[in-house]
Amino acid sequence: MRQLPQVTCYSDFLQAVTLIHTNNINVTHHYTTLIFNIRGMLSHQWCACIAHTLWEGNQCEDFFAIKGDEKDVVIAIYVFPPSTINLLLLADAVEIDFTRP
């Protein structure tokens, strides 16, 4: 398997980011299993972190939010980004601002 030097996952869901970073999650919380799965993935030998971001202006987040609404999937893990997002990744990397409709 190819080793990734560093992975940063951004989420606009502050509650989820907070739950991932805190140790006192209630076992009856409806996200408990998912939070523990994410913590397990983060514990592997790689440099990975979860960070909060604001939704506004993030074209990649918009893309995945729309894509998620189109499917009946609880979680999707991409090893490589879909080719349809390449231009959006570039736009986000160079911090191009977009207006919302």
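**Helix packing in a predicted model**

Of the 101 residues in the protein chain, 21% are buried (under 20% relative accessible area, with exposed over 50% and partly exposed in between; 1.4 Å probe, protein chains only). This is a predicted model, in which local features need pLDDT of at least 70, side-chain atom pairs count only at pLDDT 80 or more, and totals for chains, interfaces and linings use all residues. Residues are numbered from 1 along each chain as its sequence is written, and side-chain values use heavy atoms, with hydrogens and water left out.

Q: Which pattern does the protein chain follow, read along the sequence?
A: Helices (H or I, at least four residues) and strands (E, at least two) are DSSP runs, numbered from the N terminus. The protein chain has four helices and two strands. Along the sequence, the pattern is β-α-α-β-α-α.

Q: At what angle do helix α1 and helix α2 pack?
A: Two packed helices are described by the angle between their axes and the distance between the axes. Axes are lines fitted to C-alpha atoms, for helices over the stretch in contact, and angles run from 0 to 180 degrees between N-to-C directions. For α1 (residues 14-21) and α2 (residues 32-42), the axes are 9 Å apart and the angle is about 60°.

Q: Is α1 parallel, antiparallel, perpendicular or oblique to α2?
A: Angles under 35 degrees count as roughly parallel, over 145 as roughly antiparallel, 65 to 115 as roughly perpendicular and the rest as oblique. The angle between α1 and α2 is about 60°. Therefore α1 is oblique to α2.

Q: Which residues of α1 and α2 make the contact?
A: Contact means heavy atoms within 4.5 Å. On the α1 side these are A16, L19 and I20. On the α2 side they are I35, I38, R39 and L42.

Q: Within what arc do the buried residues of α1 fall?
A: The buried residues of α1 are A16, V17, L19 and I20. The arc is that of the directions from the helix axis to the C-beta atoms. Seen down the axis of α1, these residues line one face of the helix because they fall within an arc of 165°.

Q: What do the buried residues of α2 pack against?
A: In α2, the buried residues are T32, I35, I38 and R39. They fall within an arc of 130° seen down the axis, so they line one face of the helix. They pack against α1 and β2.
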